[in-house]
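User: Could you walk me through how to read the packing inside a protein model? I would like the general idea and then the case at hand.

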Amino acid sequence: MTLKRRLTLCLVAALAAASPVLSAEPQGIQTNGPFIDVWNNRGGNVLQMVQTRQQLANSGKQVRIRGYCRSACTILTTLPNACLGPKARIGFHAPRIPNTQIIPPYVDQIMGNYYRGGVRDRWFGGWNRSMEMQVISAREYVQLDPQTRICGSLQGGGTQARR
């Protein structure tokens, strides 16, 4: 194993240890009857969000992303059982080691693998290196990734998600 690879693995382990251990319902994520609402989620540790994503995918419930979803939270937008609240705002910035401006290797690649279409293009086109938050509305997100849905259950209608 090369020195660079060993350092990368150490860095990934340090990132995983930098955030608190997952609880039954991580901060900003609440069960609400047949739904799981992701409310004003600030993101956090990417590797832990990957685990949360898997739990949400396996939940059997519709995941409604509401309010402000930023940073690592953005990888939840492409869950097959997710939809965006009509007033949701999605914020992207470069992943970084907490309390630094250091962008760890490979973490942006991990995040980028969860994005599709124009969102993925913009991520790898510069959002993945930006220290400033790049914020888009739910409607703008759907324009960039037409596979993403706006939550019908939050528009006064039924429980199905709509485009």
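User: Is Y115 buried or exposed?

Analyst: Burial is read from relative accessibility, and under 20% counts as buried. This is a predicted model, and in it Y115 has 3% relative accessibility, so Y115 is buried. W123, at 0%, is buried too. The rings of Y115 and W123 form an edge-to-face pair, with 5.3 Å between centres and 65 degrees between planes.

User: How many aromatic pairs are there?

Analyst: The count is five. One of them joins F92 and W127, which are stacked at 4.6 Å centre to centre with 25 degrees between the planes. F92 belongs to strand β5 and W127 to the loop between α4 and β6, so this pair ties together parts 35 residues apart in sequence. Both F92 and W127 are buried. Ring pairs also link F92, Y115, W123, W127 and Y141 into a cluster.

User: What about the nonpolar core?

Analyst: In soluble globular proteins, nonpolar side chains tend to be buried together. Here the largest nonpolar core has 31 residues, and those with the most contacts inside it include F92, Y115 and Y141, along with V63, I65, L76 and I90. Among the elements that each supply at least two residues are β2, α2, β3 and α5. The largest share, four residues, comes from α5.

User: Which residues does L76 touch, leaving aside those up to four places away in sequence?

Analyst: L76 touches V38, M49, R53, L56, I65 and A82.

User: Where does R64 lie relative to F35?

Analyst: R64 lies over the face of F35, 3.8 Å from the ring centre. Another charge over a ring is R89, whose charged end sits over Y68 at 4.5 Å from the ring's centre.

User: Which residue forms a salt bridge with R116?

Analyst: That is D145, with the closest N and O atoms 2.9 Å apart. R116 is in the loop between α3 and α4, while D145 is in the loop between α5 and β7, 29 residues apart. D145 has 2% relative accessibility and counts as buried.

Note on methods. Residues numbered from 1 in each chain as written. Predicted model: local features only at pLDDT ≥ 70, side-chain atom pairs only at ≥ 80, totals over all residues. Heavy atoms only, no water. Core = buried A, V, L, I, M, F, W, Y, C linked by side-chain atoms within 4.5 Å. Buried < 20%, exposed > 50% of the residue type's maximum accessible area, 1.4 Å probe, protein only. Contact = heavy atoms within 4.5 Å. Phe/Tyr/Trp six-rings, centres within 6.5 Å; stacked < 30°, edge-to-face > 60°. Lys NZ or Arg CZ within 6 Å of the ring centre and 35° of its normal. Salt bridge = Lys/Arg side-chain N within 4 Å of Asp/Glu carboxyl O.
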